[in-house]
Amino acid sequence: MRSITQPGLPVAGRIQWVEARGRAFTFTMEQGQPLLEAVHRGFAAQGFAGGVLEIKRGALGPFAYVMPALSKTADHAAFYSETYRPAGVTRLSTATMTLGMRDGAPFFHCHALWTEEGGRAGGGHILPEETVVAEPFEVAAFGVDGAMFTAEPDPETGFKLFGPVPAAPRGATTDRRAFALRLRPNQDFAGCLEAFCKAQGVREARIRGGVGSTIGARFDNGGVVEPFATELTITSGAIAPSADGLQATLDVALVDYTGALAQGRLVRGDNPVLMTMELVLEVVA
């Protein structure tokens, strides 16, 4: 399986995780609000400080983003591009987002694919500080109580990355078990989730959210993404019993450092994490 040498030594505990409680809900992003504020308000109205959400359509403008890029120094295995600010309204086609805390304030990590005004298709990492809701749109959210994704320095990759840490319960209404996860580099995405669920006695789970990167990609239809640096969003994901034990099904969309877009179902056993993969497992059984 492919691997990328990171600037720091591997951290013990290749899955960072916290068990918590959660609940699914929907809310509407309000026109004219900064995207970060709109998301934070939507979760807070349901009693949650953080969690994950999925966007199937949405309009943003002003809009700012970066793409994956090659690193110009040895400090990182890969980096990110200059900031792009397309004019007009940008329309999301798929996105996932993690809402957590960075430097003591709400912050999000979001990867998406979209179409810019004029028809150009793009993808990448949306910047919270410069992006505004252009039109109202509904999102599907999953709030987490008892865990918080918190941005902390990661000695392995050299980045400040979201990872779950225990948090005092806020008393939000919840109705199911959930695990907040961060997968560390150079381990197969599907295999990692399957092993985790087996170890925790989880027989079936739904993936909520899902923001991260893989070392290129291999799809079950034979499609291949060779450029190693990607930014990936999970469009649909689950872990379920199969004849061979637990099996993860991971449908994703991504952009690589050349700007090429790709979508499809990942092959199990051949899609290692590049920098990070953060998500919530909603326990079904």
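## Cores, rings and loops in a predicted model

The largest nonpolar core has 30 residues, and Phe189, Leu193, Leu279 and Leu281 have the most contacts inside it. A nonpolar core here is a set of buried Ala, Val, Leu, Ile, Met, Phe, Trp, Tyr and Cys residues joined through side-chain atoms within 4.5 Å. Buried means under 20% relative accessible area, exposed means over 50%, and partly exposed lies in between (1.4 Å probe, protein chains only).

This is a predicted model, in which local features need pLDDT of at least 70, side-chain atom pairs count only at pLDDT 80 or more, and totals for chains, interfaces and linings use all residues. Residues are numbered from 1 along each chain as its sequence is written, and side-chain values use heavy atoms, with hydrogens and water left out.

Helices (H or I, at least four residues) and strands (E, at least two) are DSSP runs, numbered from the N terminus. Helix α2 gives the most to this core, with six residues.

Take Phe189 as an example. Apart from its neighbours within four places in sequence, Phe189 is in contact (heavy atoms within 4.5 Å) with Leu183, Ile234, Leu250, Leu266, Asn271, Met277 and Leu279.

A second core is separate and has 29 residues. Phe43, Met67, Ala112 and Val133 are among them.

Phe43 also belongs to the buried set of α1, together with Leu35, Leu36, Ala38, Val39 and Gly42. Seen down the axis of α1, the buried residues fall within an arc of 165°, so they line one face of the helix. The arc is that of the directions from the helix axis to the C-beta atoms.

### Aromatic pairs

How many aromatic pairs does the structure hold? There are 15. Rings of Phe, Tyr and Trp (its six-membered ring) pair if their centres lie within 6.5 Å; planes under 30 degrees apart count as stacked, over 60 as edge-to-face and the rest as tilted. Two pairs are set out here.

| Pair | Distance between centres | Angle between planes | Type |
|---|---|---|---|
| Phe25 and Phe48 | 5.7 Å | 0° | stacked |
| Phe63 and Trp114 | 4.8 Å | 80° | edge-to-face |

Phe25 lies in strand β1 (residues 15–29), and Phe48 lies in the loop between α1 (35–44) and β2 (51–55). The pair therefore ties together parts that are 23 residues apart in sequence. Phe25 is buried, at 8% relative accessibility. Phe48 is buried too, at 1%. Ring pairs link Phe25, Phe27, Phe43 and Phe48 into a cluster.

Phe63 sits in the loop between β3 (58–60) and β4 (65–66), while Trp114 is in strand β8 (residues 105–115), so this pair joins parts 51 residues apart in sequence. Both Phe63 and Trp114 are buried.

The charged end of Arg102 sits over the ring of Phe107, 5.4 Å from its centre. This label needs NZ of Lys or CZ of Arg within 6 Å of the ring centre and within 35 degrees of the ring normal.

### Cysteines

A disulfide is a covalent bond between the sulfur atoms of two cysteines. Here it is counted as a pair of cysteine sulfur atoms within 2.5 Å. The structure holds zero disulfides. Cys192 is buried, with a relative accessible area of 8%. Cys110 is buried as well, at 1%.

### Loops and backbone

Most residues other than glycine have a negative phi, and most peptide bonds are trans. Some places here depart from that pattern.

- A cis peptide bond joins Gly61 and Pro62, with omega of about 0°. Pro62 lies in the loop between β3 and β4.
- Asp103 is not a glycine, yet has a positive phi of about 55°. It is in the loop between β7 (90–102) and β8. Asp103 is exposed, at 62% relative accessibility.
- Asn186 is not a glycine either, and has a positive phi of about 65°. It is found in the loop between β14 and α2. Asn186 is partly exposed, at 28%.

Gln31 is in the loop between β1 and α1. Is Gln31 buried or exposed? Gln31 is exposed, with a relative accessible area of 53%. Leaving aside neighbours within four places in sequence, Gln31 is in contact with Val133, Ala134, Glu135 and Pro136.
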